[in-house]
Amino acid sequence: MRNVSSRTRALLVLVNGSPLAEEPEIHAIRKEIKDISDAGLAGHRRRTLLQAFHTARTLDTSLVVFIRSKGLGPKPRSLRESLQRLGTRQRRDVAALNPGHRDAYVNQIVHPRNDLMHNAGATLSQDEANKLLVRMEACLVEVLRL
Amino acid sequence: MDHLCASTGHGALVARPRAVVGSAGQVGPSSSIGGTPTDHGARVGSVYEGNEADELEVRIGERFELLRSFASAAATLDDDGDVAVAVAPDHPFLITGPDLMVGRRGRLVAAFLPTAPEQAVPGRVLDRVAISRLALPPATVTVLLDDGPATVRRRHFDAVLPFAAIDDFAGFCASESRSTDVVDAEVRQQVGDRYSAIADGTRDSVGPYLQREKSGEVDGSAPRVPIRERDAGPGPSAASRSSADSQGPRGATRLTSQPAWRPLVRRAVLRCVREDFELERGAPTIRGAGLLVHVLSLDQVDTRGRDPFKPFRSAAFAGLLLPSWLESDGAL
């Protein structure tokens with residue numbers, strides 16, 4: 001797997017070394033992460049859209065699988081619901097997202113992602129795209145350490 | 001803890017990194033390794049031959065080659081795309097972390113190769129281990145790559161391997177053994193809560209941490225070593241900085257005009273970790289009664305690159321507030 005950014009590679013290692021790797025969805029998650037890198041080959045507009053798309057799917061699925069593998073309740077129906085669930089301490093051996101930080105993730109990830117995905121013609125500047133991508137990456141990594 | 005010590009005792013070790021690097025030709029087609037050399041130091045490695053210590057200087061490139069050799073060996077385990085390897089992994093919360101990570105079938109191995117400054121002070125590498133264990137999944141397995149003589153720090157690792165033990169490293173990565181020293185969930189929760197407070201970046205969020213110290217709820221009176229320019233490592237001349245002119249809430253020295261902020265932040269992060277945590281057989285526990293917020297004031301923090309706020313984020317994760325963060329747009 002060449003031409004993969006060091007951040008993307010780190011994400012791949014982390015999901016491979018997490019409980020997600022023992023769930024059937026791991027193959028799809030790994031494929032999404034690799035597609036984040038492949039999206040870097042596209043032109044600017046498509047690159048930002050594709051990177052946001054694949055990163056969002058990686059985050060969505062990873063959080064759902066994490067919640068299931070830790071026994072944190074039924075399958076969430078949305079990223080917002082996943083974050084809400086992870087922001088509530090349910091088990092002594094699993095930490096929770098701090099509620100303030102959970103809300104920040106909702107504002108900084110869910111809202112801009114929905115705007116981007118559900119509005120025809122919506123696009124992001126490189127700066128906006130970078131912020132969205134790194135927030136999604138940070139969110140995934142923070143959940144994996146809970 | 002399941003310790004695997006491949007060392008046969010330093011008297012028997014004859015491990016020259018150059019020779020080790022040369023043995024890495026057994027790399028499969030799927031074993032490309034990414035990452036860049038770490039900037040932890042220009043020299044690394046004390047190599048022992050017989051009973052006589054013969055310190056060998058290894059430049060950054062050779063250090064990276066050594067890590068690549070271990071990484072390549074681990075990558076050869078890949079039979080179904082289920083092994084991922086990263087040298088100098090770019091973790092969003094770690095401005096300094098493991099030198100090598102291997103993820104395979106739900107088991108994460110983080111390997112540490114002590115830098116020259118870490119080797120100079122026994123146990124110093126444990127600061128890096130502690131912050132890494134707090135940021136990584138709680139059951140992460142740790143490996144120390146070291147040719148030095150046995151020291152007390154080795155009990156904090158699941159395995160200790162000399163430079164020549166590349167095959168042993170691959171075997172260790174292939175094993176199914178799990179670390180029994182999982183980082184306690186309460187510690188993880190407190191670290192996450194403090195990170196959230198600092199990342200929020202408001203007086204309201206950080207205030208309670210400062211108030212706890214004022215009220216004596218936690219002991220903030222212990223003598224603290226201020227973070228001074230000597231902690232910044234290579235950087236600008238002393239003349240480019242002001243002297244320590246004020247104290248932060250926890251004794252962090254206020255510095256100004258600091259263009260080489262990255263090594264300073266890295267050192268400050270490790271100093272904070274050293275003050276806040278101690279390791280119990282590899283798992284960080286909180287010193288004293290609770291976590292506090294440290295402050296390091298920098299005039300200039302350049303925010304370039306794809307993840308420009310990583311310095312703020314990684315500092316916040318370690319409990320270090322960079323006030324210049326408050327002037328940014330809250331992008332943590």
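Predicted model: local features only at pLDDT ≥ 70, side-chain atom pairs only at ≥ 80, totals over all residues.
Q: What makes a residue buried?
A: Count the other C-beta atoms within 10 Å of its own. With 20 or more, the residue is buried.

Q: Which residues point each way from E5(B), and are they buried or exposed?
A: Leu100(B), Val102(B) and Arg104(B) point one way. Met101(B) and Gly103(B) point the other way. All of them pass the cut-off of 20 or more C-beta atoms, so all are buried. In a regular strand, side chains alternate between the two faces of the sheet.

Q: What makes E5(B) mostly covered?
A: The count does: 5 of its 5 residues are buried.

Q: How do you know which strands pair with E5(B), and in what sense?
A: Pairing needs at least two bridges. E4(B) and E5(B) have 5 bridges, in the antiparallel sense. E5(B) and E6(B) also have 5 bridges, again antiparallel. Both counts meet the cut-off, so both are pairs. Across the second, Val102(B) stands opposite Val109(B).

Q: What lies between the strands of the hairpin that E5(B) and E6(B) form?
A: There are 2 residues between them. Arg105(B), in the turn, has a positive phi of about 50 degrees.

Q: How many residues of chain B are in contact with chain A, and which element gives the most?
A: 40 residues of chain B are in contact with 35 residues of chain A. Strands E4, E5 and E6 and helix H6 of chain B each supply at least two residues to that side of chain B. H6(B) gives the most, with 8 residues. By class, the residues on this side are 17 nonpolar, 12 polar and 11 charged.

Q: How many helices and strands does chain A have?
A: Chain A has 6 helices and 0 strands. Along the sequence the pattern reads α-α-α-α-α-α.

Q: Why does the span of helix H6(A) agree with its length?
A: The helix has 19 residues, 126-144.

Q: Why is H6(A) called largely enclosed?
A: 15 of its 19 residues are buried, so the rest of the structure largely encloses this helix.

Q: How do you know what radius of gyration to set chain A against?
A: Start from its 146 residues. A compact globule with that number would have a radius near 15 Å. Chain A has 15 Å, so the value agrees. Its C-alpha trace spans about 45 × 30 × 20 Å along the principal axes.

Definitions and conventions. Residues numbered from 1 in each chain as written. Chains lettered and ligands numbered in written order. Helix = DSSP H or I, 4+ residues; strand = E, 2+ residues; numbered from the N terminus. Expected span 1.5 Å × (residues − 1). Buried ≥ 20, exposed ≤ 12 C-beta atoms within 10 Å, placed from the backbone. Rg over C-alpha atoms; globule rule 2.2 N^0.38 Å. Contact = placed C-beta atoms within 7 Å. Nonpolar A, V, L, I, M, F, W, Y, C, P; charged D, E, K, R; others polar.
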